Amino acid sequence: QPQQQQQPQQQQQQQPPPPPPAQQQSEVRVLVSAAVAGGTKHDTALGRVLTCCWAGRHGPCGAGGNIVSVDLGSVVTAWQDIPLACPVEDTAWIDLGPDFPGPATCVSVGNPHAVFFVPTLADLAAVDLNRLGPSAETHPCFPERANISFATVVSPAAPGSTAADCQRYEPGTIVMRVWERGTGVTGACGTGASAVRVAAVRRGLADRAGPVVLDGGALHVTWRIDDNGITLQGAIDRVASGHLNADFAATLFA
């Protein structure tokens, strides 16, 4: 009998301790590319969250639910503001040398980007990011280094797009791969997707709004006419939840 009485006590000891009192903690939900609480508006390091819906808590949002829109601010294309190391008349066409597949289009979306376009999805898959990425990132043209993207525009009007490509992607979709400054090859880059859409518009290859597909998923990018700003929209997932000290959590959403 004494042994039977001890079993409930052992089970109680294995249970995790309760969270701190409500006044001493604040739950923070970490979302892809932005920290958002309760679907309200917050400034983030990436930009201002315009809208947020969390399916299952606030109901479905858009076609797929879990959609967030972020305003990344204004696009910069002047050579001195990107910045580039020397004056360039047209930053949409910059020759960085024979190692790269044609001229780069340079733009800043809060950080410097260089975008190279290749004709086909096969060409895109064949790009050696681990070789060309660091070489372009540290090119003397970029005094602060740069994020490097390679992209293909899928469209019936594009010479390199096949019928199979157009069935797989909606017209005007840009498929890209990215080498991030100081990081390397990554599966997704919000400012990179924005820079690629802007670069395609400047080259006359795509419209101002449309999908951009990265290795890690798809985003919808709009380069607005009225204020030269970028709206980035995509699906989000909860990746973690926890409890932080209320004073510290307040600094995240000040």
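How many salt bridges does the structure hold? The structure holds five salt bridges, a salt bridge being a side-chain nitrogen of Lys or Arg within 4 Å of a carboxyl oxygen of Asp or Glu. The legends below treat a predicted model, in which local features need pLDDT of at least 70 and side-chain atom pairs count only at pLDDT 80 or more, whereas totals for chains, interfaces and linings use all residues. Residues are numbered from 1 along each chain as its sequence is written, and side-chain values use heavy atoms, with hydrogens and water left out.

**View 1. Overview of the chain.** The secondary structure amounts to six helices and 13 strands, where helices (H or I, at least four residues) and strands (E, at least two) are DSSP runs numbered from the N terminus. Of the 254 residues in the chain, 44% are buried; buried means under 20% relative accessible area, exposed over 50%, and partly exposed in between, with a 1.4 Å probe and protein chains only. Among contacts (heavy atoms within 4.5 Å) with a separation of 6 or more, 58% are made by residues 24 or more positions apart. The chain exposes about 13600 Å², of which carbon and sulfur atoms supply 51%; accessible areas come from the Shrake-Rupley method with a 1.4 Å probe, and for residues only the protein chains shown count as cover.

**View 2. The largest nonpolar core.** This core has 30 residues, and those with the most contacts inside it are Phe117, Ile174, Met176, Ala193, Val212 and Ile230. A nonpolar core is here a set of buried Ala, Val, Leu, Ile, Met, Phe, Trp, Tyr and Cys residues joined through side-chain atoms within 4.5 Å. Elements that give two or more residues to this core include the strands β4 (67-74), β6 (112-117), β8 (173-180) and β12 (229-235), while the largest share, seven residues, comes from α5. A second, separate core of 27 residues includes Phe116, Phe142, Tyr169 and Trp179.

View 3. Ala193 has its place in helix α5 and counts as buried because its relative accessibility is 0%. Leaving aside neighbours within four places in sequence, Ala193 is in contact with Met176, Val212, Leu214, Leu219 and Val221. The C-alpha atoms of Ala193 and Ala218, which stand 25 residues apart along the chain, are separated by 9.3 Å. Ile174, not counting residues up to four places away in sequence, touches Ala151, Thr152, Val153, Val196, Arg197, Ala200, Ala206, Pro211, Val212 and Val213.

**View 4. Thr152 in strand β7.** Thr152 is found in strand β7, which covers residues 147-154, and it counts as buried because its relative accessibility is 1%. The side chain of Thr152 reaches the backbone oxygen of Val118 at 3.2 Å; a polar contact is a pair of N or O atoms within 3.5 Å, where, within protein, one must be able to donate a hydrogen and the other to accept it, and residues adjacent in sequence count only if both atoms are side-chain atoms. With neighbours within four places in sequence left aside, the residues in contact with Thr152 are Val118, Pro119, Thr120, Leu121, Leu124, Thr173, Ile174 and Val175.

**View 5. The salt bridge between Arg224 and Asp71.** Arg224 forms a salt bridge with Asp71, the closest N and O atoms being 3.4 Å apart. Because Arg224 lies in the loop between β11 and β12 and Asp71 in strand β4, the pair ties together parts that are 153 residues apart in sequence. Arg224 is buried, with a relative accessible area of 17%, whereas Asp71 is partly exposed at 22%.

View 6. The side chains of Asp128 and Arg131 meet in a salt bridge at 3.9 Å, N to O; Asp128 counts as partly exposed at 38% relative accessibility, and Arg131 is partly exposed with a relative accessible area of 48%. Glu137 and Arg145 meet through their side chains in a salt bridge at 2.9 Å, N to O, in which Glu137 is buried with a relative accessible area of 5% and Arg145 is partly exposed at 38%. Salt bridges that share partners join Asp71, Arg224 and Asp227 into one network.
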